[in-house]
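Hello,

Here is the structure I promised to pass on. Please open it first, then read my notes below.

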Amino acid sequence: MPQSAPQSQRWRRRKHARPQEILGAALVVFAEKGFAAARMEDIAKQAGVTKGTIYLYFPSKDAVFKSLVRESIGTTLDTIIENAKAYSGPSADIVRMALSRIALFLSESDLAALPKIILSETGQFPELARFYRSEIIDKGLGFLTGVIERGIARGEFRAVPPQHAARLCIAPALLGAIWRTTFAKFDSEPYDYKALIDAHIDVLLRGLAKGEHAP
């Protein structure tokens with residue numbers, strides 16, 4: 001029979017995975033309690049570790065929240081941007097790819113709770129809102145604005161104001177996130193968020209398309 005790995009190796013593997021386990025636990029706690037009411041003790045209990053263990057990796061509750069945003073939504077956004085940079089095809093394909101990824105996020109990930117937390121607690125924690133604006137919103141809007149500008153320059157999109165079109169790209173995703181985390185529990189049947197984004201992409205691209213580039 002194969003022998004199990006020595007305890008020191010198992011500990012090293014566990015230690016390496018622990019930050020992600022803590023962040024996963026933090027997401028559960030933040031989604032349930034909000035940022036203000038969440039305590040490090042709650043996160044530790046959810047993660048099955050001591051509060052002191054959390055402080056080995058994260059100096060504060062703020063740091064836990066910021067790491068959660070960076071390593072979840074931020075990482076997904078970075079991947080979308082890198083994939084878009086490597087693509088030389090139609091700009092409409094980039095819009096479709098980016099918004100489809102957002103649909104997956106909305107319909108399957110518990111991370112949809114994070115925008116709601118920011119919106120509901122920005123008055124009490126303006127630094128978190130500033131951080132989210134810089135790390136996620138500005139980066140995402142900058143990316144989408146660039147895609148719209150690319151499409152206009154290539155003659156694929158009509159000459160619309162790129163900064164407004166970028167916000168129109170993302171608005172249904174924010175609505176979906178707020179709906180899923182606030183109102184969905186009152187729905188008589190589960191809402192199809194993917195269908196929402198699919199319909200949005202169709203309407204958006206038809207509105208952006210210039211002449212022969214219409215879908």
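Start with the second largest pocket: α1 gives the most to its lining, with eight residues. This is a predicted model, where local features need pLDDT of at least 70 and side-chain atom pairs count only at pLDDT 80 or more, while totals for chains, interfaces and linings use all residues. Residues are numbered from 1 along each chain as its sequence is written, and side-chain values use heavy atoms, with hydrogens and water left out.

**The pockets**

A pocket here is an open set of points on a 1 Å grid over the protein atoms alone, where a 1.4 Å probe fits, with protein on both sides within 12 Å along at least five of seven lines. Lining residues have an atom within 4 Å of a point. Volume is the space filled by probe spheres set on the points, which are joined across faces, edges and corners.

The second largest pocket holds about 300 Å³. Its lining has 18 residues, and Ala 31, Glu 32, Asp 110, Ala 113 and Thr 181 lie nearest the centre. Two or more residues come from each of α1 (7-37), α6 and α8. Helices are DSSP runs (H or I, at least four residues), numbered from the N terminus. By class, this lining has seven nonpolar, five polar and six charged residues. Nonpolar means Ala, Val, Leu, Ile, Met, Phe, Trp, Tyr, Cys and Pro; charged means Asp, Glu, Lys and Arg; the others, Gly among them, are polar.

The largest pocket has a volume of about 710 Å³. Of its 30 lining residues, Tyr 132, Ile 136, Ile 137, Ile 170 and Leu 174 lie nearest the centre. Here α7 gives the most, with nine residues. The lining has 24 nonpolar, four polar and two charged residues.

**Two helices side by side**

Helix α4 (residues 61-85) packs against helix α7 (residues 126-153) at about 5°, with the axes 10 Å apart. Axes are lines fitted to C-alpha atoms over the stretch in contact, and angles run from 0 to 180 degrees between N-to-C directions. The two helices are therefore roughly parallel (an angle under 35 degrees). Contact means heavy atoms within 4.5 Å. Residues in this contact include Phe 65 and Ile 73 of α4, and Phe 131 and Tyr 132 of α7. They divide into twelve nonpolar, two polar and seven charged.

Ser 67 lies in α4. Ser 67 is buried (under 20% relative accessible area), at 15%. Leaving out residues up to four places away in sequence, Ser 67 touches Leu 23 and Phe 58.

Best wishes

Terms used:
Parallel < 35°, antiparallel > 145°, perpendicular 65-115°, else oblique. Buried < 20%, exposed > 50% of the residue type's maximum accessible area, 1.4 Å probe, protein only.
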